[in-house]
Amino acid sequence: MQENRKYRYFAAFLVLGVCAVVCYILNICIGTVRIGLLELAGTLSGQGGDETAMRILLDIRLPRATAVFILGGALALAGYLLQTFFNNPIAGPFVLGISSGAKMVVALVMVFFLGRSVRVTSIDMILAAFVGAMISMGFVLLVSRRIRSMSMLVVSGVMIGYICSAVTELVVTFAEDADIVNLHNWSMGSFSGTTWENVRVMAAVVFVTALIVFLLSKPLGAYMMGEAYAQNVGVNLRLLRVGIVLLSSILSACIVAFAGPISFVGIATPHLVKKLLGTAAPIWMIPACFLGGSVFCLFCDLLCRMLLAPTELSISTVTAIFGAPVVLWVMVKRKKGG
């Protein structure tokens, strides 16, 4: 029995890994300018090639695909942490309004600084998004203490998200500077315009945070067995809860700072990965969620660029098409179980 489980885990990670590599390569090669595999290999090995294709590859597609891989994984991991924390299968950064809170504060900061011709760095954006995420998370935690109903918690999160989105749209609408007006595209969710500087910052933040989350696999597993069980095996529940809130907020902030709010990935991916693995054990779910989120976002971002090319869709438009049915399936399944 144990051997069969190990084979299933191995097969699941193999499938996720292969899908991630294939989607990553497709995102690099496919576009308005097609780049063949031989040309890709030649450029990456430093043997040169067409100058235009090289610039497109190195300055646009590679940093964008890398950012999608990193932030897609971070989004799924944030969703998994929030679902574990609230014991709610449809909890996620977007549904609970955490992404919208982060978006609101980032928009306000960018409007304030850009209006005064002050450069906003990647770190500034992450810090602003973190503050917004923590504000929204604070409201959600207050509501969760008073309301035990899963559906009411989700409704409260959606209302918080609507309020934050309304403030953001108000700020963007009345902004006059051309750079500020372009915030509208970002506020809908987009990986366009990602630079290598952005990639370096997000990689450092996300991978360090993800490593800490993985190191919490054992206490998270105990927490999922119930608070009484976790306390009996020596888990500091107060410290663990604070850690989950901070880690999920950091991941959500990093995503919003660079790509804007992205819907449904954080909710749908953990359920799909759990179905694939056949287990909810954090030690397997954490790395699998990261890979699954990367595959999900890489696939959706490719569709964003190609469906109506040269017009580019917002990433949330495509993720909603694939993610929303998963959420409906989870809700129906839970209702039947009840």
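These notebook entries record what I looked up in a predicted model of one protein.

**Entry 1. Overall form**

I began with the secondary structure and found 15 helices and zero strands in the protein. I then checked the radius of gyration: a compact globule with 338 residues would have a value near 20 Å, and the protein, at 20 Å, agrees with this. Along its principal axes, the C-alpha trace spans about 65 × 55 × 35 Å. I also looked up burial, and 51% of the 338 residues count as buried.

**Entry 2. Salt bridges around R64**

I next turned to ion pairs; the structure holds four salt bridges. In one of them, D301 and R64 meet through their side chains, with 2.8 Å from N to O. This pair links distant parts of the chain, since D301 lies in helix α14 (residues 282–306) and R64 in helix α3 (residues 51–86), 237 residues apart. Are these two partners buried or exposed? D301 counts as buried because its relative accessibility is 2%, under the 20% limit. R64 is buried as well, with a relative accessible area of 9%.

I noted that R64 also forms a salt bridge with E312, where the closest N and O atoms are 2.8 Å apart. Here too distant parts of the chain are linked: E312 sits in the loop between α14 and α15 (315–337), R64 in helix α3, and 248 residues separate them. At 33% relative accessibility, E312 counts as partly exposed.

**Entry 3. The pair R241 and E227**

I recorded a further salt bridge between the side chains of R241 and E227, at 2.7 Å from N to O. R241 belongs to helix α12 (residues 237–259) and E227 to helix α11 (residues 227–232), and the two are 14 residues apart. R241 is partly exposed at 26% relative accessibility, and E227 is partly exposed with a relative accessible area of 43%.

L26 lies in helix α1.

Methods: Residues are numbered from 1 along each chain as its sequence is written. This is a predicted model: local features need pLDDT of at least 70, side-chain atom pairs count only at pLDDT 80 or more; totals for chains, interfaces and linings use all residues. Side-chain values use heavy atoms; hydrogens and water are left out. Helices (H or I, at least four residues) and strands (E, at least two) are DSSP runs, numbered from the N terminus. The radius of gyration is taken over C-alpha atoms; the globule rule is 2.2 Å times the number of residues to the power 0.38. Buried means under 20% relative accessible area, exposed over 50%, partly exposed in between (1.4 Å probe, protein chains only).
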